[in-house]
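Subject: Structure handover

Hello,

Here is the structure I promised you. Please open it next to this email; my notes follow below.

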Amino acid sequence: MSLSLTAAVSPLLAPLRGTSWSGSVLATGRFGAYLSVPGAAVDVVPLLGVDAIALPTAVRLGVPFPHEALPLAVGDPVRLDDDGVTVAGRRVPLVRAWTPARVRPVDRLRPFAPMAEGRAHLVAAAAAEPGSAVATLIGRGNGLTPAGDDALAGALLVACALGRHQALATAVLANTHRTTSLSATLLRAAADGYAAPPVVAYVTAVMRGDRDAAARWRPRVEAIGHGSGRDLIAGMAGLLSTIESQTALGRVS
């Protein structure tokens, strides 16, 4: 008996109603695949198993990714519409929605800057002078989500929580053409406060000044990707250190 597959869709993929898009498999991995779907609400749709980190724009299966039932290869054709995803000759119906994690505004300023190395100083420069610094940082690094982008994503999540530094978000969104399509998709989501649940939980703990909760969530963030989590934390630290410096000078916007 063949495996019956269904999936849940993120609201960030809306509106799908009455429209369909064609694309191809961009990349595959242990927990799923990334589908390049130009023209859709997001450029890259992660198709993930239930055991994968819940990226905010994902289509999520109800089971671990079934590689035997969906033997995907880079370049395989993909079709996405409001009813489902067709890939590897299989139709995966979208039968429900799921709610991605999102950073919420803090009621008052109580954050602490997490200890971080790496690109924190570069993000601090980007927060202080967004235009040229963001253009230099975005796309910097290797892989589907370059390290510079991960750091900027961390900074954008902090900016969302504070409701400040709109200039940073504007500069990042104006430069997403400089990076990979997947990273651009995740940066746009971060600019609206969306990220994987462990990241949102960590940002929330830091912004509330809850050091115990931050200590519990930090290892899960650091375990994301090949350094992506550490770069996210560095980006948070860079923006928060900039805010601390501006506060001391009486120049917080």
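Predicted model: local features only at pLDDT ≥ 70, side-chain atom pairs only at ≥ 80, totals over all residues.

Ser36 has Val44 as its bridge partner in E4. That bridge belongs to the pairing of E3 with strand E4 (residues 44-48), which is antiparallel and runs over 5 bridges.

E3 itself spans residues 32-36 and is mostly covered, with 4 of its 5 residues buried.

Now the sheet as a whole. In what order do the strands close into a barrel? The order is E1-E5-E4-E3-E2-E6-E7-E8, which makes 8 strands with mixed pairing. On average, neighbouring strands of this sheet are turned by 30 degrees against each other, ignoring direction. As background, strands of a sheet pair through backbone hydrogen bonds, either parallel or antiparallel.

One more pairing is worth a look. Strand E1 (residues 7-9) and strand E5 (residues 59-61) run antiparallel and are joined by 3 bridges. Ala8 has Arg60 as its bridge partner in E5.

Next, the charged pairs. How many salt bridges does a search of the whole structure find? It finds 3.

- Arg188 and Asp43. Their side chains meet in a salt bridge at 3.5 Å, N to O. The pair links distant parts of the chain: Arg188 sits in helix H5 (residues 181-191), Asp43 in the loop between E3 and E4, and they are 145 residues apart. Arg188 is partly exposed, at 34% relative accessible area. Asp43 also counts as partly exposed, at 28%.

- Asp81 and Arg91. This salt bridge is 2.9 Å, N to O. Asp81 is in strand E6 (residues 77-81) and Arg91 is in strand E8 (residues 90-97), 10 residues apart. Is Asp81 buried or exposed? Asp81 counts as buried, because its relative accessibility is 14% and the cut-off for buried is under 20%. Arg91 is partly exposed, with a relative accessible area of 36%.

- Arg218 and Glu222. Here the side chains meet in a salt bridge at 2.9 Å, N to O. Both residues lie in helix H7 (residues 211-222), 4 residues apart, or about one turn of the helix. Arg218 is partly exposed at 22% relative accessible area. Glu222 is partly exposed at 27%.

In general, side chains of opposite charge can pair when their charged atoms come close.

Last, confidence. The average pLDDT of the protein is 86, and 84% of the residues score at least 70.

Best wishes

Key:
Residues numbered from 1 in each chain as written. Heavy atoms only, no water. Buried < 20%, exposed > 50% of the residue type's maximum accessible area, 1.4 Å probe, protein only. Helix = DSSP H or I, 4+ residues; strand = E, 2+ residues; numbered from the N terminus. Pairing = 2+ DSSP bridges. Axes fitted to C-alpha atoms, helices over the stretch in contact; angles between N-to-C directions. Salt bridge = Lys/Arg side-chain N within 4 Å of Asp/Glu carboxyl O. pLDDT = per-residue confidence, 0-100.
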